[in-house]
Amino acid sequence: MHVVEALQRQAVACEDLGSSMYAELLRLLVDDYEVGGVSVEVLEGYEDRSFGEAIGLRLLGAVHGLVLSGTVPELAAFYPSAGGAWDPVLGWEAFEQVLQSRVGEVRSLLTQPPQTNEVNRSVALYGGLLQLAQTVPLPVRLFEIGASAGLNLRADHFRYVGDGASYGPADSPVVFDPAWVGEMPSAEVRIAERVGCDIAPVNPLTEEGARTLASYVWPDQADRLTRLRGAVEVARQVPADVRPEDAVSFLRALELSEGHVTVVWHSIMWQYLRRPDRAAIEARLEELGAQATESAPLAHLSLEPHATISHERGAEGWEYRVDLRRWPDGSLRTLGTLGPHGQALVWDVS
């Protein structure tokens with residue numbers, strides 16, 4: 001896919017997901033690229049990458065990181081995340097000037113895939129664990145592939161309010177209200193182990209790591225930034241082990257444990273894996289599932305997009321589903337649907 005089409009598609013996605021600022025910036029980047037502006041030099045070598053590589057978000061995240069570092073105050077004046085107010089005319093002029101003056105620095109940051117570590121996805125994880133605990137009341141060994149900074153490994157330390165009930169610590173700095181639609185079981189989630197892997201994990205306990213995570217949150221979405229910063233605060237209090245390792249190697253070393261339910265979790269990362277790696281992960285889960293017993297069960301919990309066909313429009317779309325597969329019986333159930341950032345989660349309680 002040519003970079004212009006990728007930027008245009010990303011602009012539509014940002015608009016749909018509530019970031020008018022990024023939608024405008026991406027469209028202005030397209031205009032600049034098509035007239036041979038500075039974005040051509042910045043994006044040299046990225047002309048024909050896949051949409052899944054999120055080149056537009058990499059570029060916007062790189063610039064946002066500079067804003068949050070305090071080194072480009074002339075642009076920060078237009079970023080809500082830095083106390084500014086977006087203006088599509090003056091803001092673009094300042095954005096363009098930053099690209100012109102920092103081409104090399106921005107290009108060096110394009111190699112980093114977006115690392116939002118979207119905290120809102122914890123509503124899917126924790127809600128899934130609640131439903132699992134209802135039938136498998138064992139302590140959880142939680143293993144996350146594509147964990148980024150591992151913030152969602154602390155999901156049980158966030159506060160969830162939904163349909164007249166609340167879960168998690170009342171004093172948590174991360175609050176989801178409303179978290180979801182649909183009545184949930186009053187089960188107890190006990191996490192005994194928290195381990196994740198990522199090819200390039202971010203350390204949220206460092207100033208640079210926390211800023212990197214914030215840079216990939218869209219700057220006009222204040223609620224997401226607030227939750228992210230609260231989750232970093234939680235991470236300082238609740239240890240988790242995030243290893244610099246690929247998902248296939250990570251799972252090959254995983255074994256089940258007597259008296260625990262081993263949960264493998266991932267969210268919006270399947271698209272970034274090569275097909276052979278997906279197949280290897282699925283094969284390893286099947287292998288572990290064959291070893292599972294009632295006293296040492298396995299669960300695979302995921303939040304990933306699934307293609308759908310609109311019969312009214314005759315076009316393909318995407319649905320984000322929370323799926324849970326359990327062993328030893330191998331049963332698979334879709335628990336609910338939601339948006340890619342964890343918004344508007346509706347549980348299927350039928």
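Predicted model: local features only at pLDDT ≥ 70, side-chain atom pairs only at ≥ 80, totals over all residues.
Residues are numbered from 1 along each chain as its sequence is written. Local features need pLDDT of at least 70 and side-chain atom pairs count only at pLDDT 80 or more, while totals for chains, interfaces and linings use all residues; side-chain values use heavy atoms, without hydrogens and water.

**Cores**

Select Leu 129, Leu 151, Tyr 160, Trp 180, Val 263, Leu 301 and Val 322. These have the most contacts inside the largest nonpolar core, which has 49 residues. A nonpolar core is a set of buried Ala, Val, Leu, Ile, Met, Phe, Trp, Tyr and Cys residues joined through side-chain atoms within 4.5 Å. Buried means under 20% relative accessible area, exposed over 50%, and partly exposed in between, with a 1.4 Å probe and protein chains only.

Now colour the elements that each supply at least two residues of this core, including helix 8 (122–135), strand 1 (140–145), helix 10 (222–237) and strand 9 (315–327). Helices (H or I, at least four residues) and strands (E, at least two) are DSSP runs, numbered from the N terminus. Helix 8 gives the most, with 7 residues.

Centre on Leu 151. Not counting residues up to four places away in sequence, Leu 151 touches Asn 117, Val 119, Phe 158, Pro 204, Leu 213, Leu 228, Ala 231, Val 232 and Ala 235. Contact here means heavy atoms within 4.5 Å. A second, separate core has 41 residues, among them Leu 43, Val 67, Val 106 and Leu 110.

**Helix 2 and its partners**

Show helix 2 (residues 20–34) with helix 6 (residues 90–101). Their axes come within 11 Å and cross at roughly 60 degrees, which makes helix 2 oblique to helix 6. Axes are lines fitted to C-alpha atoms, for helices over the stretch in contact, and angles run from 0 to 180 degrees between N-to-C directions. Angles under 35 degrees count as roughly parallel, over 145 as roughly antiparallel, 65 to 115 as roughly perpendicular and the rest as oblique. For side chains, pick Leu 25, Leu 28, Leu 29 and Asp 32 on helix 2, and Trp 92, Phe 95, Glu 96 and Leu 99 on helix 6, which make the contact.

Helix 2 and helix 4 pack at about 110 degrees with axes 11 Å apart, so helix 2 is roughly perpendicular to helix 4. Here Tyr 22, Leu 25, Leu 26 and Leu 29 of helix 2 meet Gly 56, Leu 59, Leu 60, Gly 61 and His 64 of helix 4.

Next, select Gly 209, Leu 213, Ala 214 and Ser 215, which are buried in helix 9.

**Loops and backbone**

Go to Ser 19, in the loop between helix 1 (3–16) and helix 2. Ser 19 is buried, at a relative accessible area of 0%. Beyond its neighbours within four places in sequence, Ser 19 is in contact with Cys 14, Trp 218, Asp 220 and Gln 221.

Most residues other than glycine have a negative phi, and most peptide bonds are trans. Select Asp 177 and Pro 178: the peptide bond from Asp 177 to Pro 178 is cis, with omega near 5 degrees. Pro 178 lies in the loop between strand 4 (175–176) and strand 5 (191–198).

Ser 148 has a positive phi, near 55 degrees, and is buried at 4% relative accessibility. Finish at Ile 268, in the loop between strand 7 and helix 12 (275–291); phi of Ile 268 is near 45 degrees, also a positive value.
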